[in-house]
Amino acid sequence: MYTHPAAEPAPLTAAVWNDRLLVLTDRNGATAVDLRTGRRAWQNADAAGGEAALPAGKDLCFVATPSGFLWLSPKDGKTAHRVEHAALSPGMPKLSAPAFVGASGPVIWLTGSETVTVKAPPPKKGKKRGKDKQVVRAYLFAYDIVRREQLWRAPGPAGRAPGTPVHRLIAVGRNDLVVRQSPATLTPGDVRAAKGKAVFRSFDRRTGKALWTKQFGTVAPDAAAMGDDQGLLYAAVGDDLQAFETPAGKPKWTLNGTSGTPYGTPVATGAVLHTTNRDQEVGAVERETGRLRWRRSTEAAIGTAAPAVTLSSTGRTLLASDGSQVTAFAAEDGRRLWKFQDIGTQDPKGPTVTAPYRVLASGRTAVVQRERIFYAFPVA
């Protein structure tokens, strides 16, 4: 068990590095906690405001910060390498602070933007010259954090002024990746053009070439969605969960739900898709057919969101976390294994903790976070 000191800012992000360290970032820097003992290993003030830490090979820990990228030594936390945002993309010295999208192996994807001046065209005879315009140009970047070099950048739609568009990684296929822009960063024009439906974009993983832009059924802009490496997209549609073939958009199967309890974001492993819904139920369906294998309740009070589901590294344990508890199930048959609730703040004058539980899985360890407190559990 590890408690982040009350005198320090609350953690912004948490990640497990190579099954050895729990790396936390806050407004003051990064803190590493030994995953075996729960003791602090080191701190680094350079990583203030950093996003999720990632392994950059076996020897370095990568952290994206508001000013640039850092590579830290896992032994003592010292900064081994630093790249400022201005140096991330040649020819774009005014690149805004990139927004992290996702990662797969040594490659991360991020969005960034720049504001450029577009000069007014020459006026027609007898007319006054128009005004120059400030235009935002946005891009999706691929960056290799082991080789420390940009792989490609691809143009994309600009976000709502004045920020960089924020995207979520939906799927990483063998040859492509699929992203969806956060609804809060869509421009008014993009919102009108989408007509109440989500827009998904696919890019070639090697070159960054835009492959397709699609809408699937009536999937809403903020509906739970994820894709797999087999070219299927799973998304909440009303009260149901639907599977779509990409890029064709043909519905493959539908798993009916209960009225008023939409599905959350599922997770896939092998031939199985693990589901979650706002009725506090988790389950397993066959990815190919949508046939239900099992469904169990966490027995927690029904809240405003579906539990977040996380699989252990072996795929044998499914962990469901919400605002009340963490519930562990045997992924094969839905057998309930254990539940966990922490005691909350012990001090009679301490604040009430309202943050939900969060689970990080690495190796045979599951780390449970509830705001400032972290617990490490052994899992199969």
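This is a predicted model: local features need pLDDT of at least 70, side-chain atom pairs count only at pLDDT 80 or more; totals for chains, interfaces and linings use all residues.

Visitor: Why is Thr365 called buried?

Guide: The cut-off for buried is under 20% relative accessible area. Thr365 has 13% relative accessibility, so Thr365 counts as buried. Thr365 sits in strand S31, residues 365-370. Beyond its neighbours within four places in sequence, Thr365 is in contact with Asp19, Leu35, Arg36, Leu360, Ala376, Phe377 and Val379.

Visitor: What makes strand S3 mostly covered?

Guide: The count of buried residues. Six of the six residues of S3, 21-26, are buried. Leu21, Val23 and Thr25 point one way. Leu22, Leu24 and Asp26 point the other way, and these are buried too. In a regular strand, side chains alternate between the two faces of the sheet.

Visitor: How do you know that S2 and S3 pair?

Guide: Pairing needs at least two bridges between two strands. S2 and S3 are joined by five, and they run antiparallel. Ala15 stands opposite Val23 in S3. The hairpin of S2 and S3 has three residues between the strands, and Asn18 takes a positive phi near 45° there.

Visitor: Which bridges and partners link S3 to S4?

Guide: Six bridges join S3 to S4, residues 29-34, again in the antiparallel sense. The bridge partner of Thr25 in S4 is Ala30. S3 and S4 form a hairpin with two residues between them.

Visitor: Why are S1 and S30 said to stand at the edges?

Guide: The open sheet has four strands in the order S1-S32-S31-S30, with antiparallel pairing. S1 and S30 each have a single partner strand, so one side of each is left without a neighbour in the sheet. S1 pairs with S32, residues 373-378, over two bridges. That count meets the limit of at least two. In S32, the bridge partner of Thr3 is Ile373.

Visitor: What makes up the largest nonpolar core?

Guide: This core has 17 residues. Phe62, Phe69, Trp71, Ile108, Tyr143 and Ile145 have the most contacts inside it. S6, S7, S8, S11 and S12 each give two or more residues to this core. Another core, of 14 residues, lies apart from it and includes Ala171, Phe200, Trp212 and Phe244.

Visitor: What does Phe62 touch?

Guide: Setting aside residues up to four places away in sequence, Phe62 touches Ala52, Ala53, Leu54, Ala56, Phe69, Leu70, Trp71, Ile108 and Ile145.

Visitor: How many cavities of 30 Å³ or more are there?

Guide: Two. The largest cavity has a volume of about 70 Å³. Its lining includes Thr111, Tyr139, His167 and Arg201. S12 gives the most to that lining, with three residues. By class, the lining has eight nonpolar, three polar and one charged.

Visitor: And what is the volume of the second largest cavity?

Guide: About 40 Å³. Phe69, Leu88 and Gln150 are among the residues that line the second largest cavity. S12 supplies the largest share of this lining, three residues. The lining has seven nonpolar, one polar and no charged residues.

How values were computed. Residues are numbered from 1 along each chain as its sequence is written. Side-chain values use heavy atoms; hydrogens and water are left out. A nonpolar core is a set of buried Ala, Val, Leu, Ile, Met, Phe, Trp, Tyr and Cys residues joined through side-chain atoms within 4.5 Å. Buried means under 20% relative accessible area, exposed over 50%, partly exposed in between (1.4 Å probe, protein chains only). Contact means heavy atoms within 4.5 Å. On a 1 Å grid over the protein atoms alone, a cavity is a set of points where a 1.4 Å probe fits but cannot get out, and a pocket is an open set with protein on both sides within 12 Å along at least five of seven lines; lining residues have an atom within 4 Å of a point. Grid points are joined across faces, edges and corners, and a volume is the space filled by probe spheres set on the points. Ala, Val, Leu, Ile, Met, Phe, Trp, Tyr, Cys and Pro count as nonpolar, Asp, Glu, Lys and Arg as charged, and the others, Gly among them, as polar.
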